[in-house]
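Let's take a friendly walk through this model together. Have the viewer open and follow along from the overall shape to the contacts.

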Amino acid sequence: MPSLKDLKIRIDSVKSTRKITKAMQMVAAAKLRKAQESAERGRPYAEKMRDIVSNLASSVKNIAGDNKFLGDGSDCKKFLLIVATAERGLCGGFNSSIVKLAKSRIAELTSQNKEVKILTIGKKGREQLNREFESLFIGHVDLSNEKNITIDTARKISMDIISRFEDGEYEVAEIFYNKFASVISQIPSSYKLLPVSFSEKEADASNVSFNFEPDEDEILSEIIPKSIATSIFSVLQENAASEQGSRMAAMDNATRNAGEMIDKLTIDFNRSRQAAITNELIEIISGAEAL
Amino acid sequence: MTNKFELSIISADSKVFEGKVENILVPGMVGDFLVLSNHAPCISSIRPGFLEFSEGTSDKKRYFVSGGIIEVINNMVSVLVDSAVAGDKVVEGDITNLISEVNDRLSAVDTVNKDDLGLRKNDLEEALKQA
């Protein structure tokens, strides 16, 4: 049985933990709102970009043009997995669920004798993957100094990815992130970044013939880097919103657990205090009786 | 009566403009062009320069854009821009910054891309004169 003093110390320490988790939860809630807003602001651009790319791609397909960025990615040997995680922990299963998905993909690809390379965005994913797959790493993007994700960050990442593609370091790029389904649910997902395939995208205006200025190929080689940057941008934004949502849920849980623990410890504390008082009374009474 | 069409100018992190306009002058990659309503569907890339459009009244609105893509389809014009600054807010410093950025890249890349960047620099200097 711990002494009264020990119990008191424990109750105080759990109380201060609860304060911290409560504060973190509220900070995450505020950041979540901000992240969601900025994700929503970026959506029209991303949607329009997708439309234009699919319109372009279908026209290019019609004239049987051949662009190195287009294809369906089948019978490719070299894969690049881009694993986007958070810079910080304490956000429930956020990071490990992405890493888990990426790991299962790595296992699948290596069993098919494909060459796998890894590029991580965010410290946590690197830490977890580094233990097992250090030799596969070709790069890491550090976002710890970026308070808000900007399109410029996404552009830099996409430029790096594209130049590696052009150098033939890989043939297919997939990005792993957490899709923001709702505040309490984030789904680890993957998305094929390169090559751009038009089979999965429906061209909404496939029967309209566009005039292109300059020609399709030139526009395509200009728009594809942009569309990749946009995809990365929206992935990073979704990830940021998911991270905050996940942290909020985790901290809410932690706060509740701390509360339960405090209740339990307080009961223990009161019980031992009561026992101590009873003990003292017994001692006094038996002392008086002895006289 | 003049016909109007829908115009939306969208940048990566916000909607810059949305509304009905009478015409829009676009700094296309191969040359400036004017879009009126019932324009044929087209997709074009935009070089850095000024977008100019009027909403019907005589005064025109101007935006400095640093490049992008325009899509015209069924009287819906969408302009995706890398960044846009309203014409009256354009500071020469912004454009000068862009020019120096291009200069930095010019010294770093090989000759093939040099032509492209050189053109870009010309566009920017042109825009600087208009500002």
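This is a predicted model: local features need pLDDT of at least 70, side-chain atom pairs count only at pLDDT 80 or more; totals for chains, interfaces and linings use all residues.

Residues are numbered from 1 along each chain as its sequence is written, and chains are lettered from A and ligands numbered from 1 in the order in which they are written.

Let's begin with chain A, which has five helices and six strands; here helices (H or I, at least four residues) and strands (E, at least two) are DSSP runs, numbered from the N terminus. Along its principal axes, the C-alpha trace of chain A spans about 115 × 40 × 30 Å.

How much of chain A is buried? Buried residues account for 33% of its 291 residues, where buried means 20 or more other C-beta atoms within 10 Å of the residue's own, exposed means 12 or fewer, and partly exposed lies in between, with C-beta atoms placed from the backbone. For one example, find A:K34 in helix 1 of chain A. A:K34 is partly exposed because 13 other C-beta atoms lie within 10 Å. Its C-alpha atom is 9.8 Å from that of A:Q244, 210 residues apart along the chain.

Now turn to where the two chains meet. The contact takes 23 residues from chain A and 20 residues from chain B, two residues being in contact if their C-beta atoms, placed from the backbone, lie within 7 Å. On the chain A side, helix 1 (4-62), strand 6 (211-213) and helix 5 (216-290) each give two or more residues, and helix 1 provides the largest share, ten residues. Strand 6 of chain A runs parallel to strand 5 (residues 42-46) of chain B, joined by three bridges; strands pair if DSSP finds at least two bridges between them. Within this pairing, A:E213 has B:S44 as its bridge partner.

Finally, chain B is divided into domain 1 (5-87) and domain 2 (91-130), with bounds from an automatic or database domain assignment. Seven residues of domain 1 are in contact with eight residues of domain 2.
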